[in-house]
Amino acid sequence: MTHTPEEIGAKMDALGLWKVLETCNFAIKPRGTAFPYFCTALRGEQNQVKERFLLLEGWQTLHDFVRTRVDRNFGYYQTPMEMPHFELIVLESGATHLFRHDPGYMPLEAKGSARELASRILWEAYGVMLRLEGEPGLAMRFAAEKAVFARIESSDATWSDAPLVIPAPPVQVERVTLSQSDVKAAKDLPFANGDVLELDFHLLVNVMTKEPRPRCVYELLGVDPKTKERVIASRVSVHPEGGLKGMWEAVPAQLLREFARCGKVPGEVRMCSGRLFRLLRPVCMELPFKLSLHDKLSI
């Protein structure tokens, strides 16, 4: 008998093990897939959402997920919503919904083959949850081997427990390229030593493009803290070729163009994001403004 993701989600919710799952990860690797899916749970951040059960796609995503939770300024993700994964949403009402997430795109309800694959993974994850009731340390069984506990499906459709050795995460390399013409234009602008600009670059959760597969929209926002005027309000969506990484690496060049549009370079640019601070440092090698990191801004 084949169960729908919603039926499996209801069974998982009935176990009352979400708090246990929030503290561990385990993997499911169905036959025919190139990489494993890593299962973990996150407590709901919205009033109607009770729990979010994530099926993170591949080692790279798991590494990014773990490192971003340790350091929110690592890499290019602001929220797990941007990571490639399936997500089972459990509402306070008991209803469940399955979504597909891909970087740069708005989540969509999983359909067709994606829904079928997620059902297979969720059913096996439910089986692991049943075992966790009597064996709380199951997910840590292979920790001494520096491996993740996994359920792996063989070519004959049988499932077995196995360790997945954790590979070293790839080195994060960032490349910021500034057009010499943009740099020259900015250097020719008046330098407003007494001006301060508060700057942020963030995902606009409730805004999307009008396409068959809507893309997420991000905003480079600059505010004058004295007048509260929105000096900069530039929106962009992720280009499929460059991805999130390319979009973030393009922010410094966009800031130079915004300086040119405003007709001056401020004496200080303030921000809360360590990621944004890191990426804008090359601009400070070209222009004499002060770059400062703060816990809180008026934006």
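Author: Helices (H or I, at least four residues) and strands (E, at least two) are DSSP runs, numbered from the N terminus. Two strands pair if DSSP finds at least two bridges between them. This is a predicted model: local features need pLDDT of at least 70, side-chain atom pairs count only at pLDDT 80 or more, and totals for chains, interfaces and linings use all residues. Residues are numbered from 1 along each chain as its sequence is written, and side-chain values use heavy atoms, with hydrogens and water left out.

Reader: Which residue in β13 is the bridge partner of Met 271?

Author: Strand β12 covers residues 265-271 and β13 covers residues 290-293. The two run parallel and are joined by four bridges. Met 271 has as its partner in β13 Leu 293.

Reader: Is Ser 234 buried or exposed?

Author: Ser 234 lies in strand β11 (residues 230-237). Buried means under 20% relative accessible area, exposed over 50%, partly exposed in between (1.4 Å probe, protein chains only). The relative accessible area of Ser 234 is 16%, so this residue is buried.

Reader: With which side chain does the side chain of Ser 234 make a polar contact?

Author: A polar contact is a pair of N or O atoms within 3.5 Å; within protein, one must be able to donate a hydrogen and the other to accept it, and residues adjacent in sequence count only if both atoms are side-chain atoms. At 3.3 Å, the side chain of Ser 234 makes one with the side chain of Gln 254.
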